Amino acid sequence: MSSKSILTDKHIILGVTGSIAAYKACALASRLTQHGALVDVIMTESATRFVAPLTFQALTGRPVYTTMWQTDASGGLGTHIAHVSLAHEADLLLIAPITANMMAKIAHGLADDLLSVTALASANRCPILIAPAMDVGMYENPVTLANVDILRSRGVRFAGPGSGRMASGLEGLGRFIEPDEIAGHCRRVLGMNGSLAGRRVVVTAGPTREPLDPVRYLTNYSSGKQGFAIAQAAVDAGAVVTLITGPVSLPTPIGVERVDVLDTRSMLDAVLVHATGDDPTDALIMAAAVADFRPEEIAERKIKKTQDPASMQIDLTYNPDILYEVSRQTRKPLLTVGFAAESDDLIAHAQEKLARKSLDMIVANDITAGDAGFAVDTNRVVFVMSEGIEELPLMSKEEVAQRIVAWVAEHQM
Ligand code: CTP
């Protein structure tokens with residue numbers, strides 16, 4: 001069971017149209033339901049040729065609507081204003097996959113089935129997000145592209161299409177993007193009026209990597225999970241997010257601008273560019289586990305075993321402290337949040353770092369605890385501020401991220 005997120009308790013209408021990609025909409029319905037969303041599926045007649053309504057009903061645990069003419073519980077709506085009632089209650093109308101035909105209908109205001117009627121009735125009631133799926137020739141046909149422009153100009157949001165191999169064997173634009181990515185687009189749209197709407201947040205994540213020779217490096221165990229969760233939570237709150245990350249293998253949250261770096265000095269450069277300067281960011285959250293030192297010299301060639309053992313020594317030198325460098329800038333972020341990874345005297349060390357690095361808040365965690373810190377999915381942290389501390393219980397990294405973002409939203413200037 002995943003922790004609470006922006007999707008929890010949201011009422012999403014998932015419209016499914018007649019495309020072979022309809023089978024992927026099953027995974028999408030399942031994923032949204034697992035996140036706690038209430039997913040009501042409307043299928044067009046042609047969608048039912050690809051997937052049975054029962055499949056969606058079983059995955060969502062809710063009725064599936066296939067016609068606007070029935071008024072009982074078996075595939076219809078128990079109300080005389082069927083076409084508006086669904087749109088009225090929804091937080092989001094998601095049509096995935098959407099065919100060229102349904103895009104044309106919505107672009108031109110046609111309403112001859114429950115889904116197009118619901119889309120027409122949803123204007124000014126809930127946002128519409130569409131994930132196109134069609135053959136490249138259909139998508140790139142000028143008539144479809146003109147419909148894309150019309151839909152965009154009316155505020156309809158797009159999830160894809162992607163480019164790649166299609167069921168027809170052809171390659172090109174028109175491919176249905178992956179269910180997880182579509183769920184990411186849903187989060188972005190649902191969060192756009194959140195507590196950080198329009199605010200800019202820079203987040204750092206992951207380890208940094210300091211080269212020793214062309215094949216070796218020094219680094220640490222950071223997985224990047226906490227920083228990525230913060231970036232996602234900031235998107236969920238409506239922020240414009242830049243994520244500066246060291247090498248990790250995590251997918252980029254949808255809606256985030258990702259900047260990849262390797263060593264500490266390149267992370268410093270990226271932070272100075274994105275968080276300080278003429279137009280500093282609203283908040284900087286430094287979750288990266290930055291390497292404090294690096295080999296003084298990087299060997300140009302691979303260090304060989306034949307080397308004289310007496311010379312087998314790595315001399316280290318200090319890296320710059322990124323937060324300290326940020327604090328010395330004339331134009332700096334309005335709020336700066338750091339982390340303190342400690343193995344003893346948690347609060348005292350965190351308080352010292354708070355002052356030394358001129359931070360507004362520091363998220364302190366005890367890295368010796370088995371259920372918190374590096375490479376696990378949970379964290380137990382203490383928020384340390386100049387005015388006091390707040391101890392948080394053990395929670396998922398997602399929940400920690402939401403609490404940090406909520407703190408930033410409460411303290412924004
Ligand atoms: N940090 C930084 N630049 C560094 C090292 C750390 O900006 N060269 C940031 C981290 O991203 C974190 C905070 O400073 O937000 C504290 O990191 P931590 O490793 O706990 O502290 P250090 O300052 O490195 O001190 P020490 O390793 O001695 O505990």
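These questions and answers look at the ligand site and the nonpolar cores of a predicted model.

Student: How many residues surround the ligand?

Tutor: Start with the closest ones: Met-286, Ala-288, Phe-339, Lys-353 and Lys-357. By class, the shell has 9 nonpolar, 1 polar and 4 charged residues. The number of residues surrounding the ligand is 14.

Student: Which residue has a side-chain N or O atom 2.8 Å from an oxygen atom of the ligand?

Tutor: Take the polar distances in turn. A polar side-chain atom of Asp-292 lies 3.0 Å from a ligand oxygen. A polar backbone atom of Leu-323 is 2.9 Å from a ligand oxygen. The 2.8 Å distance belongs to the side chain of Lys-353.

Student: How much of the ligand's accessible area does the protein cover?

Tutor: On its own, the ligand has 570 Å² of accessible area. The share that the protein covers is 80%.

Student: Which element gives the most residues to the shell around the ligand?

Tutor: Two elements give two or more residues: one is the helix α12, at 322–327, and the other is a strand at 335–342. The top contribution is 4 residues. That element is β17.

Student: Which residues have the most contacts inside the largest nonpolar core?

Tutor: This core has 37 residues. Elements giving it two or more residues include α10, β17 and α14. The residues with the most contacts inside the core are Ile-230 and Phe-383.

Technical notes: Residues are numbered from 1 along each chain as its sequence is written. This is a predicted model: local features need pLDDT of at least 70, side-chain atom pairs count only at pLDDT 80 or more; totals for chains, interfaces and linings use all residues. Side-chain values use heavy atoms; hydrogens and water are left out. A residue is near a molecule or strand if one of its heavy atoms lies within 4 Å of it. A polar contact is a pair of N or O atoms within 3.5 Å; within protein, one must be able to donate a hydrogen and the other to accept it, and residues adjacent in sequence count only if both atoms are side-chain atoms. Accessible areas come from the Shrake-Rupley method with a 1.4 Å probe; for residues, only the protein chains shown count as cover. Ala, Val, Leu, Ile, Met, Phe, Trp, Tyr, Cys and Pro count as nonpolar, Asp, Glu, Lys and Arg as charged, and the others, Gly among them, as polar. A nonpolar core is a set of buried Ala, Val, Leu, Ile, Met, Phe, Trp, Tyr and Cys residues joined through side-chain atoms within 4.5 Å. Buried means under 20% relative accessible area, exposed over 50%, partly exposed in between (1.4 Å probe, protein chains only).
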